[in-house]
Amino acid sequence: TATYDLRMCLLLLKKDQSFAGKPENFRTPQAYSIWKEREITSLEQLIHTYAMRQSYMSGEQIGAGRLKLEASAIESMGDEEIAAAFEYIPAKATRHYRMLVYKAVRHDIVGRISATSSAAMPLQLSTFAKDLLKQLSIAWRISASYRETCYLDIVNDYYEQGVLPASYLLDAFSKVERIIHLMNPMEWLVPQYQYLLDVESRIEYRALGCAQDVIEELDQQRPEKNDHLKRILRALVMNDATCPVVANKPMPNIQGRREEVVAVLEPSIVYRCDCLLRQCFGDESSVAPSLDGHAQLAVLVLRDYEQCLLMFSLPLLEDGDRRFDIAGIVAEIETEYFYTNLKRHIDQFGYSVGNASIETTFELCKSISRIEKLHGQYSSKPLAGIDNRRLFKETVATWLKGIDREKSKWAENALKQDSSPRELDIGKHSTSVIDLVSCFSQQAATVQRLEWPDMETKAWFLAEFMKYVDISFKVYATVMLKQFTASLSLPAEDESVKSPGWNSMWNRRKYKEQSLSLNSSTQAAISKLDQSQAVEINAEACIKLNNLAVALEKLHELQDDLGVRETVQALGGDNRP
């Protein structure tokens, strides 16, 4: 029977028949033809080896005994010669081969791994085991695709048991990768093709289970400790039998594959979202109209994405097949979760800022913009139900109301707590002007940090804000001028000529120029001062004037910090409507 089977294997290949495979075992006739050519080549090598052995045993020269590998030469071989040339092929050769690979891995790798645990490179099979498995694969017609898949399967079994580290699984993947790139999996025998799919499916299922554990405890994870998981996911993409990656070509995208991974990871991501929600609002659901909790939740959602990006992102996943883009899947689900909760809040309380801090609400608006952009990168379904521009305007209006309430207190407190320099000097100013300017400068710092949705909104805010600045500094300037007038000591008229003191022509001109916008009482005082021939201006009066000069200088700086000129230009400049 063995002789008959072998003779059929040799002689009937030309008749589209095969001992080890049939046309129906392949996806296309072309795949079957390619396989058949490889089989013929392998069988020729066996016959050549047999001829060399027979020549050597008979004492002839090795080259002299070579058989011509023509069909006529093969047909001329007798049954006994064919039987001597080949070992008997078992009925289930692949099972026998897998058992031998299992024993070889257990003896050569598992048995020695404890003694060489510090080895930098994974251990390999011994030379004896490799030679034996190679001879059996040739004699038993075991294809290269099955051999490497079998090795990957056995190493994965030991990896799942915790006996072998991930480096051995990655090493086995590298062997499969070479075969996949040499032979298109679509040209494999269907059972061998399915075998690789089954093994990769088990590895993928376990890897996604590890990814679930990482997501659920994301706060305790470190990127370097999960590097092997990232590399396994990459190996699964590179060695996908359904669409192997080809160098320098775009990665194919198989419809539905990403959805399958999303379905596996979604429960863990939702669990993670529930943990973040409890962290922001406590165990009980919040019914308060404050947006502080949602602002905190937005920050945590964005932080989760950044952390997943560090642990799972690879250049390989930037385009094409994104089924293992864990960071993108986390971003898509968590942003939708956040958006749903915020929409529920707005439906209940509206866009009112409530008792949330202005800074926090502005940060929430910024986070919403980032979340919307982030979601758009990974999902074709747009987020809807929240008008972030409206929320921003409501926050600006609330902010302006607060400034309107506080502006009178700022000027009042600055004047109440005003103190002069220790050493009175005409070149110094008091503390009130700096205190008042600082109140408005703090608001300008907030304006610079904001991401304005449009120039119209910013222009509206600046127009209202500068009204409050104008009112506050007018009040302050009025008080300073009154104090300046009160601090002057105007002596009675004296015919004797005295030194000019501070009523020089420069001072007169300066005061006259500034007096154009002064009230009537102050103008009368300065006019009287100009008419005096000898007036002594004390240091206190100089400080009041210095306060006004510093206030004017700081107002110009404030306008520059607010970007008033740039905003006007953006809206059309002098020709704006």
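A word on sources. This is a predicted model: local features need pLDDT of at least 70, side-chain atom pairs count only at pLDDT 80 or more, and totals for chains, interfaces and linings use all residues. Residues are numbered from 1 along each chain as its sequence is written, and side-chain values use heavy atoms, with hydrogens and water left out.

Now the fold. We have 21 helices and zero strands. Helices (H or I, at least four residues) and strands (E, at least two) are DSSP runs, numbered from the N terminus. Of the 577 residues, 43% count as buried. Buried means under 20% relative accessible area, exposed over 50%, partly exposed in between (1.4 Å probe, protein chains only). Take contacts, meaning heavy atoms within 4.5 Å, between residues at least 6 apart in sequence: 79% join residues at least 24 apart.

Next, the core. A nonpolar core is a set of buried Ala, Val, Leu, Ile, Met, Phe, Trp, Tyr and Cys residues joined through side-chain atoms within 4.5 Å. The largest has 129 residues. Val105, Leu152, Ile232 and Phe338 are among those with the most contacts inside it. Leaving aside neighbours within four places in sequence, Phe338 is in contact with His294, Leu297, Ala298, Val301, Leu364, Ile368 and Ile371. A second, separate core of five residues includes Phe26, Ala31, Tyr32 and Leu189.

Buried positions in H8 include Tyr168, Leu169, Phe173, Val176 and Ile180. Their cover includes helices H5 (93-113), H7 (144-160), H9 (190-216) and H10 (227-238).

Then Ser432. Where does Ser432 lie? In helix H16, residues 431-449. Ser432 is buried, with a relative accessible area of 0%. Its side chain makes a polar contact with the side chain of Tyr476, at 2.6 Å. A polar contact is a pair of N or O atoms within 3.5 Å; within protein, one must be able to donate a hydrogen and the other to accept it, and residues adjacent in sequence count only if both atoms are side-chain atoms. Not counting residues up to four places away in sequence, Ser432 also touches Ala414, Leu415, Asp418, Met480 and Asn547.
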